[in-house]
Amino acid sequence: MKRSLINSPYTFSLGMFAMMVPSQAFSSFYIFFYVDTLGLGIGLASLARTIFLIWDAVNNPLMGFWSDRTKTRFGRRRPWVFGAIPLFMLTFVLVFSPPAGLSQNGLFMWFVIALILYEAVATVLWVNYGALFPELFRGDRLRAKASAIQQGYQVVALLIGTALTPIIYDALGFSNMSIIYAVLFGVFMFLCMLHVQEQEENSAGNQLGLVEAFRHTLSNKKFWVFNISNSFAQTVNGLISSTIPFYAKYVLKIPGDQVSILLASVFVSVIPLVFVWYWMIRRMDGVKAWRLSLAVYAVSVIPLWFGFNLISGILAGIGVGFGLAGFLVTPAIVGGRIIDEDAQRTGQRREGIYTAVSGFITRSSGLISAVAFLIVSLVFGYESGDNPGSDPEATFRYLISVIPFGLLLLSFLLSFLTRIEFSTTTGGKHDHDATIDHQL
């Protein structure tokens with residue numbers, strides 16, 4: 001194994017690619033699959049998502065705490081990830097493979113159980129993989145560069161998980177689609193972890209106890225403002241992804257085989273724009289870049305309201321791509337500095353618990369998305385594909401444009417609730433690369 005590949009952002013980012021392909025397919029199409037394809041009522045679907053998020057509230061922070069306290073000769077994070085790989089493959093397939101002929105209650109029960117199992121394993125993966133990023137890559141400029149590379153991989157995964165997915169499930173069905181993505185995940189996640197080498201000093205010494213660890217984490221005002229603000233922006237990511245199939249069908253009125261073209265317009269545009277944002281970050285403070293990305297993202301969703309056919313939808317999608325690119329790259333810089341500052345204060349690297357609590361806060365965006373989906377659907381009478389109501393077009397115009405704009409505006413305003421400054425220089429002013437043994 002070449003030394004240059006160990007802890008390289010290029011090999012590390014294979015993990016992001018591996019997880020995002022099935023995760024994006026899940027977030028974009030699981031509601032469409034159960035509600036519009038299988039006919040599960042929107043009320044039952046929203047209840048299932050709520051149960052899923054309550055379970056997430058319990059297991060996510062605990063997973064971070066356990067990860068930080070893990071001590072093995074293979075590291076703190078890698079054993080968890082290796083163990084979770086086959087379980088994630090299985091639970092992802094279960095979500096998209098309910099038995100035929102289930103009643104509404106039977107379908108609901110399958111949905112809830114599959115979501116709980118899937119989320120538990122996904123938590124193990126996301127917490128431990130996410131905790132490795134600030135641990136392996138130190139310094140603002142290195143993190144900005146690594147984040148840009150990682151998000152480039154992520155955007156390719158987003159493109160596959162959204163634009164290619166309809167083609168696959170139209171041809172082979174949802175269950176076969178999930179099997180293909182599960183195998184792809186397993187191969188690339190395994191390759192990623194083979195090239196990760198954790199630093200022994202990060203697990204040295206006694207870790208804080210459960211109560212003390214949470215007290216230090218939850219009393220950090222910068223952490224709360226940063227993550228609550230991100231949670232509203234993250235809601236938009238999920239809301240737009242899950243609404244696009246409905247938007248294409250009811251607003252743009254395009255056939256199913258053109259949905260992939262619409263999705264591609266968003267994600268193909270993000271790939272070069274990620275590196276535009278990296279160029280911008282090198283020339284400004286990281287916190288300012290993060291706030292700017294929220295403002296740009298808010299403006300970028302407005303043109304979606306005016307979509308009426310495939311061409312107008314594509315043009316609006318390209319605009320969204322610029323806002324999305326900024327939000328994909330900039331949070332890693334601010335989040336990494338918050339963890340570094342905590343390590344200076346406590347004397348311990350606690351990426352696991354910070355990543356887990358941060359993940360729970362931002363992933364609670366799913367509850368916001370579910371509530372928004374339910375309320376707008378109730379207002380306009382949309383229930384399911386079998387009973388879309390009198391004005392499904394208005395339903396999905398609001399869900400893809402008006403609601404996202406309001407959430408992003410709120411996210412931008414919340415980011416100013418406290419002064420997010422650090423004791424050392426941020427942005428691109430110090431070149432930390434020279435002291436870090438990573439191949440870029």
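**Close-up views of a predicted model**

**View 1. Lining of the second largest cavity.** In this predicted model, the second largest cavity is lined by Ile-240, Ile-244, Tyr-247, Leu-262, Val-266, Leu-304, Gly-313, Gly-317, Val-320 and Ile-400. Of these lining residues, 8 are nonpolar and 2 are polar, while no charged residue takes part. At least two lining residues come from each of helix 8 (221-250), helix 9 (259-281) and helix 11 (310-329). The volume of this second largest cavity is about 70 Å³, and the structure holds 4 cavities of 30 Å³ or more.

**View 2. Helix 5 and its bend.** At Thr-165 helix 5 bends by about 45°, and a proline, Pro-166, follows within four residues. After helix 5 comes Gly-173, which has a positive phi, near 95°.

**View 3. Confidence along the protein.** The protein has a mean pLDDT of 84, with 91% of its residues at 70 or more. Confidence is highest in helix 6 (residues 174-194), at a mean of 96, and lowest in helix 7 (residues 210-218), at 69. Over residues 425-440 the pLDDT falls below 50, although this stretch has 39 contacts in the model beyond near neighbours in sequence.

Terms used: Residues numbered from 1 in each chain as written. Predicted model: local features only at pLDDT ≥ 70, side-chain atom pairs only at ≥ 80, totals over all residues. Heavy atoms only, no water. pLDDT = per-residue confidence, 0-100. Contact = heavy atoms within 4.5 Å. 1 Å grid on protein atoms, 1.4 Å probe; cavity = no way out; pocket = protein on both sides within 12 Å on 5 of 7 lines; lining within 4 Å. Points joined across faces, edges and corners; volume = space filled by probe spheres on them. Nonpolar A, V, L, I, M, F, W, Y, C, P; charged D, E, K, R; others polar. Bend = angle between axes of the 7 residues up to and from the residue.
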